[in-house]
Amino acid sequence: MNPGIFTDTVLGRFGVLPVTSTMVTTLVTSALVLALAAGCALAIRLRPASRLAAAGRITTAFLGDLVTQAAGRSTPALESFAGTLFLFLAAATVVGALPGVAAPTSNLAATSALAAIVFLAVPFAGLRAAGPAYLKHYFRPNPILFPLHVISELSRTVALALRLFGNMMSGHLIVALIVALTGLFVPVPLMALDLLIGFLQSYIFTILACVYIGAALRVGGGE
Amino acid sequence: MTEHTLLALGAIVTAGFTMAIGALGAALGESRIGAAGLDALARQPDESASITRNQFVGLAMVESTAIFCLVIALVLLFANPFIGTP
């Protein structure tokens with residue numbers, strides 16, 4: 001028996017590239033977030049008193065607070081990066097609650113890709129803030145510790161990917177198990193808990209990305 | 001007992017122990033976080049928003065160790081590289 005936890009169904013082929021269900025749900029989720037954001041931007045410009053405009057303003061203020069708190073200071077570039085991550089992850093949780101659709105983040109490849117983006121963004125932010133002097137921090141306080149710096153960056157990337165994947169996947173697995181064992185409407189409270197955990201994990205993923213990138217920026221800040 | 005049965009037996013038993021011990025550690029850690037959070041809330045009710053937020057972040061971080069154990073248990077059961085399909 002294999003419940004398909006680590007695999008992905010291939011829906012079709014685009015040339016040599018297999019198109020999996022995760023790719024489709026990821027693209028649809030991104031399109032939904034983009035459409036909603038464009039709607040909010042349009043509403044703020046055209047009807048500043050409407051509910052959609054208020055929702056957009058509240059969301060940006062929330063994300064700004066989150067970044068300022070996690071990274072130690074206000075950084076507009078990091079705000080858009082963290083906002084993209086958080087909104088995509090939150091939308092993925094909501095999409096995963098729809099019947100017959102698995103959340104894109106309940107696939108290990110998708111979460112690994114997100115974690116890899118964070119992994120690459122850390123040295124990018126450091127190099128942009130401090131130039132080549134950023135690389136010196138890998139050899140502080142002692143050059144012997146260089147391997148440990150590299151291992152810590154790699155292991156926290158793996159932890160980011162596995163944490164998100166495990167939480168999202170286990171929620172679906174538990175709901176599937178309860179449905180198989182009991183009846184149709186028994187797992188509804190568990191599905192609500194799944195939504196809560198999904199939002200919490202999106203928040204944590206975003207906060208951790210902000211903390212890592214904020215630390216790289218502070219190295220660049222010359223502290 | 002063939003070699004395949006033996007490997008499957010080992011994988012199942014290990015998966016069970018992985019989950020049991022992993023959940024034990026996470027439960028102990030989370031109970032400490034919960035107790036400390038309630039203590040802080042009782043001392044400073046005005047800071048409840050910040051305390052609750054940080055508490056939830058800590059809880060999810062600690063819970064991730066149990067989630068790692070779950071992933072490893074599931075790898076042992078469903079994606080074990082040493083047990084080929086018979």
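Biologist: Which residues line the largest cavity?
Modeller: The lining is A:L160, A:R163, A:L164, A:Q201, A:I204 and A:F205. On a 1 Å grid over the protein atoms alone, a cavity is a set of points where a 1.4 Å probe fits but cannot get out, and lining residues have an atom within 4 Å of a point.
Biologist: What volume does the largest cavity have?
Modeller: About 30 Å³, taken as the space filled by probe spheres set on the points. The count is 1 cavity of 30 Å³ or more.
Biologist: What sort of model is it?
Modeller: A predicted one, where local features need pLDDT of at least 70, side-chain atom pairs count only at pLDDT 80 or more, and totals for chains, interfaces and linings use all residues. Residues are numbered from 1 along each chain, chains are lettered from A in the order written, and side-chain values use heavy atoms, without hydrogens or water. The model scores ipTM 0.78 and pTM 0.86.
Biologist: OK, the interface. How many residues does each chain put into the contact?
Modeller: Chain B gives 15 and chain A gives 20, with contact meaning heavy atoms within 4.5 Å.
Biologist: And how many salt bridges across the interface of chain B and chain A?
Modeller: 0, counting a side-chain nitrogen of Lys or Arg within 4 Å of a carboxyl oxygen of Asp or Glu.

Conventions: On a 1 Å grid over the protein atoms alone, a cavity is a set of points where a 1.4 Å probe fits but cannot get out, and a pocket is an open set with protein on both sides within 12 Å along at least five of seven lines; lining residues have an atom within 4 Å of a point.
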